[in-house]
Structures are given as structure tokens and as C-alpha cells.
Amino acid sequence: MRIDLHTHSTASDGTVPPAELMVAAAAAGLDVVALTDHDTTAGWARAAAALPPGLVLVPGLEMSCRWFGVSPSIPLHLLGYLVDPDHADLAAELARVRSSRLRRAERIVDRLRADGFDVSWDEVRRYADGGTVGRPHIANALIRLGVVRTTAEAFRPEWLGERYRVPKEDTDVFAGLGLIRAAGGVAVFAHPRATRRGRIVPDELIVELAAAGLAGLEADHPDHSPDERAHVRGLAADLDLLVTGSSDFHGSHKTVALGAETTAPEAYERLVALAAGSWRL
Ligand code: AMP
Ligand code: FE
Ligand code: FE
Ligand code: ZN
């Protein structure tokens with residue numbers, strides 16, 4: 001069984017629409033694929049309707065969270081699987097973060113314009129195509145303008161990485177974990193050790209999250225070095241958490257292929273068994 005538990009579509013900052021993503025997942029030889037767009041479940045229906053025979057879709061999302069236990073606070077991502085998408089508190093929180101993302105993107109565009117770069121909010125919104133707006137959509141505009149060549153280049157410190165970085169109003173990580181669980185879902189900490197993405201949280205926080213009901217840690221992720229993967233595996237063993245592996249596919253915004261990293265069948269089965277909601281597979 002080939003299982004990839006973390007992918008993005010045009011419902012957030014991926015470049016492949018949900019339906020095509022399912023076809024591509026089957027073509028990549030996957031048996032199970034999770035759709036985990038940032039702060040939204042809007043792609044699920046389109047993905048489910050296009051599911052090729054033999055491919056299992058695990059509906060999920062990736063919540064933009066923040067740990068406020070240190071100052072300045074540290075952003076982190078929680079994957080939520082098999083949640084009830086109609087759970088009122090969860091849906092309201094996701095809507096709040098998405099609207100914060102809109103205001104933040106407008107501010108980034110304003111700052112770029114103030115410095116003479118001819119990008120517009122209309123253009124960025126067009127790239128987002130109704131999905132959750134993120135910095136990769138602003139990166140599109142910078143590529144179109146010719147000031148950078150790739151999304152990765154647009155995330156360098158002189159661009160969206162630092163100079164034009166504006167924080168968004170993320171969900172408190174304990175609140176996010178509580179919402180995923182309240183909605184019947186299973187929570188996995190995405191790329192917890194990815195130092196190349198920025199600051200990471202200490203293991204003590206992961207111990208606290210495990211006590212609060214976190215189910216797993218994503219160890220095999222393109223942004224983790226071999227040492228980081230080994231550390232995450234050790235921590236998961238100590239805390240009796242399940243371990244996942246995933247590509248975090250984003251289409252042409254990144255270079256990683258679907259199924260480049262995978263989850264062991266035993267971990268996947270344990271994850272599905274933990275789901276309590278109506279979306280249990
Ligand atoms: P945002 O959620 O708007 O803060 O933007 C973060 C998103 O940008 C991540 O989910 C990635 O998809 C993407 N991203 C972050 N860093 C990079 C990078 N170095 N190269 C390409 N994409 C990146
Ligand atoms: Fe992303
Ligand atoms: Fe992430
Ligand atoms: Zn992701």
C-alpha cells in the first residue's frame with residue numbers, strides 16, 4: 001500500500017484542482033491520498049466526486065496554528081483528518097483564519113505597491129481562484145512581474161520570507177487541537193522539526209500536545225533532514241504517537257512529487273481507527 005497523507009490543491013495554495021489531484025494520485029501509484037488544504041475543507045467534494053476506482057480519499061485539512069507559550073509566538077501546522085466539516089466551531093474558526101489571510105495578503109500587496117512593484121490585489125485574488133489565499137499566490141504575481149523566477153525564490157528574506165512578511169491571525173495550537181478532536185477528527189503535527197522553514201517548537205510542547213490528545217507526528221517530510229526524521233521518530237516512540245510520512249505536494253509551487261514520502265499501512269490504520277466522526281472511513 002502506498003499512502004500519502006498530506007497534499008494541497010487549488011482549494012488553497014496547490015496548483016492542481018482537487019479532481020485532477022485525485023487522478024494524478026492514482027497515476028502516481030497511490031492507494032490512499034489525503035487532501036489537506038490550508039484552513040479549508042472546500043476541496044473535499046470535488047475530490048470525492050472524481051475519485052478513481054481503487055483510490056481511497058482521506059479528507060483532511062492543515063490548520064495554521066501558533067504557540068503563544070514564548071514571545072514572539074511560533075507558527076506551526078496541525079493536520080486534521082476525518083473531521084466533521086460542518087462542526088460549527090471548527091468551521092467558524094477556519095473562516096476567521098481565512099478572512100485574516102485576506103487582510104494580510106492585501107497588506108502585503110500594499111507594501112509591495114508602496115515600493116513600486118506593480119502587483120494588484122485583483123491579480124493575487126485571481127491566482128487564488130476562490131481558494132484559501134496564501135503567500136504562494138503573491139509569489140505568482142512576483143514571478144509574473146519578473147522580479148523572481150520561482151516560488152522558492154519569492155520566499156527568500158528579501159521578499160515574502162522577511163522584507164514583506166506580515167503575520168496572519170493563526171489559531172492557538174491548543175484550541176486548534178481541541179477543535180479537530182471536537183469535530184471527531186485525528187490530529188497530526190505537520191513537519192514538526194522543519195528548521196529550514198523557520199523557528200520550531202520545543203519537544204516539551206509536543207509532550208503537552210500529546211497529553212491534550214495529539215495522535216501523531218509527521219516524520220518523513222521533504223523539509224526534514226535525516227537527523228530531524230530520526231528525532232521525530234524517537235519522540236513518537238516515547239510518547240506512543242503514530243508516525244506519518246507525506247509529500248506535502250503543492251503542484252508546481254514546489255518540486256516534490258505525489259507519493260515522494262509515504263506512511264506505513266499500520267500507522268494509517270491506527271489513524272483511521274482513532275476517528276470518531278461521521279467521516280470515519
Ligand atoms: P502562508 O500560509 O500564506 O503563510 O504561506 C506559506 C505557504 O507557502 C506554505 O504552505 C508553502 O506552501 C509555501 N512556502 C513556504 N516556503 C516556501 C518555499 N521556500 N518555497 C516554496 N513554497 C513555500
Ligand atoms: Fe502551502
Ligand atoms: Fe504545512
Ligand atoms: Zn502542507
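Start with three helices: select α3 (88-114), α5 (135-145) and α6 (151-154), each of which supplies at least two residues of the shell around ligand 1. Keep in mind as you click around that this is a predicted model.

Now show the shell itself. There are 14 residues around ligand 1, and the ones that come nearest are His38, Arg101, Arg104, Arg135 and His250.

Next, pick out some side chains and look at their polar atoms. Go to His250, where a polar side-chain atom lies 2.7 Å from an oxygen atom of ligand 1. Then try Arg104: an N or O atom in its side chain is 2.8 Å from an oxygen atom of the ligand. Asp13 is worth a click too, with a polar side-chain atom 3.0 Å from an oxygen atom of ligand 1. How much of ligand 1 does the protein cover? On its own the ligand has 490 Å² of accessible area, and the protein covers 82% of that.

Hide the ligand for a moment and look at the space. Rolling a probe the size of a water molecule over the atoms shows where empty space is left. The space taken by ligand 1 turns out to be the largest pocket, with a volume of about 1500 Å³. Its lining runs to 47 residues; for those nearest the centre, select His77, Arg135, Phe155, Arg197 and Gly198. Which of them gives the most? That's β4, with four residues. By class, the lining of the largest pocket splits into 18 nonpolar, 15 polar and 14 charged residues.

Two backbone stops remain. Most residues other than glycine have a negative phi, and most peptide bonds are trans. With that in mind, zoom to the loop between β3 and β4, where you'll find Pro72. A cis peptide bond joins Ser71 to Pro72, with omega at about 0°.

For the last stop, select Asp39 in the loop between β2 (32-38) and α2 (44-49). Is phi of Asp39 positive or negative? It's positive, near 55°, in a residue other than glycine.

Terms used
Residues numbered from 1 in each chain as written. Chains lettered and ligands numbered in written order. Predicted model: local features only at pLDDT ≥ 70, side-chain atom pairs only at ≥ 80, totals over all residues. Heavy atoms only, no water. Near = heavy atom within 4 Å. Polar contact = N/O pair within 3.5 Å; in protein donor to acceptor, adjacent residues only side chain to side chain. Areas by Shrake-Rupley, 256 points an atom, 1.4 Å probe, with all protein chains shown as cover. 1 Å grid on protein atoms, 1.4 Å probe; cavity = no way out; pocket = protein on both sides within 12 Å on 5 of 7 lines; lining within 4 Å. Sits in = over half its atoms within 2 Å of the grid points. Points joined across faces, edges and corners; volume = space filled by probe spheres on them. Nonpolar A, V, L, I, M, F, W, Y, C, P; charged D, E, K, R; others polar.
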